[in-house]
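Thanks for taking a look at this one with me.

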Amino acid sequence: MDLFNRLQRIKIELGSMPLVIMTVIIAFVTLVSLTLFELNESNALIGFLGIIVGSGVAASTSLLIARENRRGQLAISALDKRLEVHQEAYRIWLGIRRSIQQPEVFNGMLEEAKQFWEANCLYLDPKSREAFIDCIFRASTHQDILRDSSSADKERMDSAKESWAYY
């Protein structure tokens, strides 16, 4: 069954390529057979087989070039989207950092960050993905520390300073 699945995958990846290759091989074998057995009485037949071989090679080349162009276009469009998402993540991070002392603005930025995360996390590379979710967690933790701390509570203030030093 594994061999069957592998052959199916190859068939899908190659598309119409096997038919073109098979046509070229048959034409080439026929041409060689005619030449070896000296059955080349008709130059038109040999010319026709040459045309078949040439068109098969041209079709194969065209298919390969088209497939590679399509892959290249997909890679470029994905790169554009990833760059856009990384820029947006940076903008949100700056917004969180700037609004940490303003609870009314900060809560909106934190909500925006969570929504952004749900919609775009897969476009971020693994390192950026980890840093962004860590930013959300640390920012909300820092806000909680600031909200719960009093000026006499030295340990909480040290914790708040340590949390802010991350940014």
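1. Let's begin with Val29, which you will find in helix α2, spanning residues 17-36. Please keep in mind that this is a predicted model. Val29 has a relative accessible area of 46%.

2. Now for the inside. In soluble globular proteins, nonpolar side chains tend to be buried together. Here, the largest nonpolar core has 15 residues, and those touching the most other members are Ile92, Ile96, Phe116 and Phe132. Helices α3 (43-99), α4 (103-120) and α5 (126-148) each give this core at least two residues. The largest share comes from α4, with 5 residues.

3. Which residues is Phe116 in contact with, leaving aside neighbours within four places in sequence? The list consists of Val85, Glu88, Ala89, Ile92, Cys121, Leu124 and Phe132. Two of these, Ile92 and Phe132, were named above among the core residues that touch the most other members.

4. Finally, have a look at Asn120, which is located in helix α4. Is Asn120 buried or exposed? Its relative accessibility is 14%, under the 20% limit, so Asn120 counts as buried. Not counting residues up to four places away in sequence, Asn120 touches Lys81 and Val85. Val85 is also one of the contacts of Phe116.

Terms used
Residues numbered from 1 in each chain as written. Predicted model: local features only at pLDDT ≥ 70, side-chain atom pairs only at ≥ 80, totals over all residues. Heavy atoms only, no water. Helix = DSSP H or I, 4+ residues; strand = E, 2+ residues; numbered from the N terminus. Buried < 20%, exposed > 50% of the residue type's maximum accessible area, 1.4 Å probe, protein only. Core = buried A, V, L, I, M, F, W, Y, C linked by side-chain atoms within 4.5 Å. Contact = heavy atoms within 4.5 Å.
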